[in-house]
Amino acid sequence: MMAWLAEMGGFALDRLVRLGRANLFLLRLLGALRFLFQRPGLLIKQLYMVGVLSLPIILVSGLFVGMVLGLQGYANLVDFGATASLGTVVALSLIRELGPVLTALLYAGRAGSALTAEIGLMKATEQLASMQMMAVDPFQRVLAPRFLAGCIAVPILTGIFTAVGILGGYVVSVIQLGVDGGAFWAQMQAKVQLFADVGNGVLIKSAVFGLLANWVALFEGYEALPTSEGVSRATTRTVVTTSLAVLGWDFLLTALMFGDW
Amino acid sequence: MVTVRGLSFHRDGRPIFDRVDLDIPRGKVTAIMGPSGTGKTTLLQLISGQLRPDAGRIEVDGVCVHELRRRDLYQLRQRMGMLFQSGALFTDLSVFENVAFPLREHTRLPEQLIRTLVLMKLEAVGLRGARELMPAQLSGGMARRVALARAIALDPLMILYDEPFAGQDPISMAVLVKLIRTLNDALGLTSIIVSHDVKETVAIADYLYLISAGRVVEHGTPRDLDCSASPWVDQFMHARPDGPMSFHYPAPPYSSDLLAEAST
C-alpha cells in the first residue's frame, strides 16, 4: 500500500516538474521571438513548412466535414420542414466548434508531429548542440520561427477549414438536396454574429489551440531522449497531449463563451 | 590556454570525475585518452561550458567558463570550434551553406566574401568540389571534414575534437590525422583531441593525458608514456587484453550469480 502511494506521489511530482519545465520553456521561447525581427526570412520559411504544406489535408477534411454536416442536418431538419435553417446549422457548427477543434487536431497530426520529430532528431544528431557550440541560440534560430509560424498558421488554417466546410455544406444541401440557396445564405447571415461567433470561435479558440499545439510539439521535441525510441515516443506524446489539451480547453472556452452560467 | 583545477562531476549519482587537474598549453595538440565510458566527451562538454562542474574550476583563456552568463559564454564560443563525433552537420543545408552558417550568423560580410571564405575553408579540407552536395550524400569521413571546415570558419583560437578517428576507414583516418596537425600549425590553433585510437593520436599529439575511473592516471609526452612503468598505461598504450584494466563491467562473482539463478 505504502509503495503504491509512494509511486503515485512520485508520478505526480514528475508531472509537476515537467509542467514547470514546459512553462520555463515557453517563457524562453517567447523571449526569443524578438530575434525574428532581424531574420524574417526564417519565419517565412516555417510558415510555408507548417502552414502551406498543411493546406491539402485542411482543404480536403474541411470539404468532407461540411458535406457530412449538410447531409446529417438535412436528414434531421427535413422532418420538421426546417431545411431553410440548414445554412445556420452548418455554419455555426463549423465556426464555433468543428473548425477550430478539427483544424487543431489535424494540425497536431500533420505539422505538430513533424515538428517534434524534426527537433528530436536535430537533438539526437547533435545539431542543436553544435549550433550552441557555434554560439547560436537554438531557441532563436530553430524554435522561435517554428513557434510563431505555427501560431500564425493555425488561425488561418481554421478560417480556411471553416470556409471550405461551409462550401461543402452548400454543395450537398443546395445543389444536391435542393434546399433553397437564398434561404441557406440569408439564414446564415442573419444568425451568425461576427464577434460572438466568428471572433470567439475562429479567432480566439484557434489562437489558443495554435499556441497549445506548437508549444507541446516543440517542448516534446526539445525534451525527447536522443534515441530513435525517444523520438518516436515524443512524437506520439505530441499528438496525444495536443488532442487532449485541445479538447479540454475547448470545453472550458465553450463554457466561458457560449455557456449561460 | 585551458586550466582545469579540482574538477569533480557526477551524473545520475555516479562520479565521472574526481578532483581532476589538467593544463592545456596554447598552440599545441593535446590529447585526452582513456577507455570508452570514462567521460572523455563529458570533459569536452565541461570545457566548452555545455555542462557545469559540481566542484572545481575550468578556465579557458583566463575566464572561468561555468561562471559566465549565456551571452558571455556565446562570445567565448565564437573563439572555440568543436568537431562532434557524428559531424553534426545541418541536414537541411548543403555543404556550402553548412560552412557558411557561422559566418552568416556572426558576421555581416557581403555574399562574395562569404563565398571566398567558404571556398578557402573547403579547399583546406579538400572538399571544395563537394560544396553542392547535401550531408546525406557524404561519407562519414567527408562529413567530418566538412564539420571541420565549419569549425574553423570563424578562425577560432581553439578546436575541440570529439573522437575524430572513430569509425573511419584507414584512408580517411590518415587524412584526418594529417589535417588536424596541419591546421593546428598553419592556423596557430590550440587543439584538444579526445580519443581512444592510440596509434593515430600519439602520432600527432604533443602532450597526452590518460584518464580512467574519473582520475588522471598519467600524463606526459607520447615518448614518456610509451615507456611508462605503470602497468595500466602499458596495457592501454599497447592495447593488451590482459592487465589491470578489467574487461568486465563491475558484477558480483560469476559463481554466486549462477548459483543464485539455480536456487530460485
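Residues are numbered from 1 along each chain as its sequence is written, and chains are lettered from A and ligands numbered from 1 in the order in which they are written. In this predicted model, local features need pLDDT of at least 70, side-chain atom pairs count only at pLDDT 80 or more, and totals for chains, interfaces and linings use all residues.

**View 1. Chain A is built from nine helices and zero strands.** Helices (H or I, at least four residues) and strands (E, at least two) are DSSP runs, numbered from the N terminus. Along the sequence, the pattern reads α-α-α-α-α-α-α-α-α. The C-alpha atoms of chain A occupy a box of roughly 65 × 55 × 30 Å along the principal axes. Chain A has 261 residues, and 43% of them are buried (20 or more other C-beta atoms within 10 Å of a residue's own; exposed means 12 or fewer, partly exposed in between; C-beta atoms are placed from the backbone). Of the contacts in chain A between residues at least 6 apart in sequence, 87% link residues at least 24 apart. Two residues are in contact if their C-beta atoms, placed from the backbone, lie within 7 Å.

**View 2. Helix H6 of chain A runs from residue 138 to 176.** H6(A) has 39 residues and spans 53 Å from first C-alpha to last, close to the expected 57 Å (1.5 Å times one less than the number of residues). A kink of about 40 degrees sits at Ala144(A), shortly before the proline Pro145(A). The bend at a residue is the angle between axes fitted to the seven residues ending there and the seven starting there. Just after H6(A), Gly178(A) adopts a positive phi of about 80 degrees.

**View 3. Strand E9 of chain B pairs with E3(B) and with E10(B).** Strands pair if DSSP finds at least two bridges between them. E3(B) (residues 29-33) and E9(B) (residues 207-212) run parallel, joined by four bridges. Met33(B) has Leu210(B) as its bridge partner. E10(B) (residues 215-220) is antiparallel to E9(B), over five bridges. Here Leu210(B) stands opposite Glu218(B). Two residues separate the strands of this hairpin, and Ala213(B) takes a positive phi near 50 degrees.

**View 4. Chain B meets chain A through 15 residues, which contact 10 residues of chain A.** Helices H2(B) (70-77) and H3(B) (95-106) are the elements that give two or more residues to this side of chain B. H3(B) supplies the largest share, four residues.
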